[in-house]
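Reader: I have the sequence and the model on screen and would like to learn how to read the main features. Please take them one at a time.

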Amino acid sequence: MLSRGGIAGRKDDGVARAGQAVRGDVVLAAGLLMVAAQLVWKFELVRRTYFRQDDFMFIARGLEQSLTWDYLMRVDYGHMAPGPFAIQWLMGRLGGYNDALAHGVTMCLLAAAGLALLRLLTVLFGSRPAILVPLGFFLLTPMTIPSLSWWSVVLGALPFQVAVPMALASHVLYTRTRRRRHAVAAVGWTLFAMAFYVKSPFILVMAFVLTLGWLARDRMTRVWLFYGGVLAAYSVVFFHQMFTSVQLTNDTVRPSLPDAGLAVEATWRMFSGSLVPTSLGGPWRWWPIGEDYALAATPAPLIWASLAVGAVVVAVSLRYRRRAWLAWLMLLGYFLLADVVPVMLGRVEALGADLAGFELRYIASTSMVAAIVIGLAFIPVAGEERPWLRPPPRWRWAWAPLAAVCAAGSVWSVTAFTALPLGRNVESYVVTAELALARVPQDSVVLDTFVPLKVADPAFFFQYARVSKVLGPLAPGRVNWTERLSGPVRAPLVFDPRGRLNPVDVKGVTVPGGASCTPVGSEEVVFPLPERLPGGEWTVLVTYLNSAETTLVVRLGGGQAEVRAGRDLGATYATVHGEGGELALRTVGAPACVGEIKAGQPVPAEHGTPIPARPVLP
């Protein structure tokens, strides 16, 4: 028979459990509301983005190839990403540049990343209000914002940000239950991440550090062997593919160490100008790169202020929280090994310290790691014994003003980034070009020039920056592309910088026609040019009035080209490598009679009628 005290104790326990359940439900509801609010907030940014730079190359390459091992497992300048390659392959077959689909995928991945982090925080720390702080950090930090404006980066970074908390949550559950399915789930999520992002092996390294500091470590030998086997297998495949994959430069990767001074300078910029300020709501100001992207441009005084505030935050955690040092060490280790080392080995020599150091997409994945570390540095893990070095101070809400300032700074920074033109101008070019290709006659000849730098830079993407590669998927087989004009091409067209098709004109020097055409036979006729042409590739336009079809030999200095010239009134083009102040013509076969001659570069005609008359997006 129970005493009154026993009955009262049970009632108290029941009330306590009910209170905890209610509190847990409130925390869960608040977390879900925060994730939803983030989606509404960031949708304004995402919806204004468009494909850019290597997005076009990846989609064009996917259309060129089959879904084979070689296509999927090619390491592209240090990135083995079969998942994004498969999606780009599919994207090309679902309408090419389908930005609505890309935006939908981005928003779904954003939602999944937020929910995955909420699950990990709940599993790791329990349903306590404190977990909303690291969750809020991840949802607000501008560290991830530039990567959301770049489709190719989204396909790598966001799946990784989904997989990290899911894998770690499964690992935590394994350490508590020893159920194999949780270890298998941890590896499964890691393999999922490995299909999308080269930094994914560090997930299992983080699981080891997490166990070392805060989880049960007994009877873990088998799971470490399991994890180690996965890492070893991935490493074998990755390094084999990296050293055998042919890059756009037609060679294989040759990793090299940068100059020590450059490496230190770039690392310091990544840490002081990117990682620390964006963790506190920065960078507050952006450095536009073109029209649709920007690097962090944290003002120097705010860099030093951020470093000071960051040092205080770390010092407070070290004073009160047991093993906070290990949490910050995990973050620093991830930053150095996963963020800095790949940039040092592959890109810093080409980019320089500023471009490499202030490019936030290189540290976007660190936002998820930083959120987890913030939790470990300040919140006791569920079931953790003696979590504090000394009793926490009574002023537990002292962090609230700092959190409010960081949140306000994040909103400011994101709003400033969103104010950029983003993808509008590139979208206008592509959509206008699509309309132009639909309106021109079938089999029209279009000069295969390079797209504007704002669309794809030929210095990085070579032939994949040509209009035939970028715009060809919009109208496959409808027009004939040519890199050089040769022969009597009828009404050739060329794209202007706004995406409209225009008649071709040759801009350079002109030899006017006389009152009557000039006869040209088998002996060279020399035409003095108004000014000397330097060495290079030149397009020569020759008008004629011939009694019969013939072949014209066009010579400029030491270079010459043979082209057909038709009967009656017409014009023919020749592409010549040479230099000089005179142009010589002769015929092979019937004589010709030539009129006006132009030599220079093919350009859109100034007074032609463009198709369409105006860009689709003004």
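Author: Start with the hand of a helix crossing: it is left-handed if the near helix is turned anticlockwise from the far one by less than a right angle, and right-handed if clockwise. Helices (H or I, at least four residues) and strands (E, at least two) are DSSP runs, numbered from the N terminus. By the crossing rule, H8 passes H10 in a right-handed crossing. Before going on, note that this is a predicted model, in which local features need pLDDT of at least 70, side-chain atom pairs count only at pLDDT 80 or more, and totals for chains, interfaces and linings use all residues. Residues are numbered from 1 along each chain as its sequence is written, and side-chain values use heavy atoms, with hydrogens and water left out.

Reader: At what angle do the axes of H8 and H10 cross?

Author: Axes are lines fitted to C-alpha atoms, for helices over the stretch in contact, and angles run from 0 to 180 degrees between N-to-C directions. For helix H8 (residues 151-177) and helix H10 (residues 202-214), the axes cross at roughly 40° and come within 10 Å. Angles under 35 degrees count as roughly parallel, over 145 as roughly antiparallel, 65 to 115 as roughly perpendicular and the rest as oblique. H8 and H10 are therefore oblique to each other.

Reader: Which residues of H8 and H10 meet?

Author: Contact means heavy atoms within 4.5 Å. On the H8 side these are Phe160, Ala163, Val164, Ala167, Leu168, His171, Val172 and Thr175, and they meet Ile203, Met206, Ala207, Leu210 and Thr211 in H10. For classes, Ala, Val, Leu, Ile, Met, Phe, Trp, Tyr, Cys and Pro count as nonpolar, Asp, Glu, Lys and Arg as charged, and the others, Gly among them, as polar. The contact of H8 with H10 has 10 nonpolar, three polar and no charged residues.

Reader: How are H6 and H16 oriented, roughly parallel or roughly antiparallel?

Author: The axes of helix H6 (residues 132-140) and helix H16 (residues 366-378) cross at roughly 160° and come within 8 Å. That makes H6 roughly antiparallel to H16. Their crossing is right-handed. H6 contributes Pro134, Phe137 and Phe138 to the contact, and H16 contributes Ser367, Met368, Ala370, Ala371, Ile374 and Gly375. By class, the contact of H6 with H16 divides into seven nonpolar, two polar and no charged residues.

Reader: How many disulfides are there?

Author: A disulfide is a covalent bond between the sulfur atoms of two cysteines. In a model, a disulfide is called for a pair of cysteine sulfur atoms within 2.5 Å. By this rule there is one disulfide. It joins cysteine 517 to cysteine 593, with S to S 1.8 Å. The link of cysteine 517 and cysteine 593 is right-handed, with 95° about the S-S bond. Cysteine 517 lies in the loop between strand S8 (501-511) and strand S9 (518-520), and cysteine 593 in strand S14 (residues 592-604), so the pair ties together parts that are 76 residues apart in sequence.

Reader: Where does serine 444 lie?

Author: Serine 444 lies in the loop between helix H18 (424-439) and strand S5 (445-447). Serine 444 is buried, at 11% relative accessibility. Not counting residues up to four places away in sequence, serine 444 touches Arg478, Val479, Asn480 and Leu493.

Reader: And the chain as a whole: how many helices and strands does the protein have?

Author: The protein has 20 helices and 14 strands. Of its 618 residues, 50% count as buried. The C-alpha trace spans about 125 × 50 × 45 Å along its principal axes.

How values were computed. Buried < 20%, exposed > 50% of the residue type's maximum accessible area, 1.4 Å probe, protein only.
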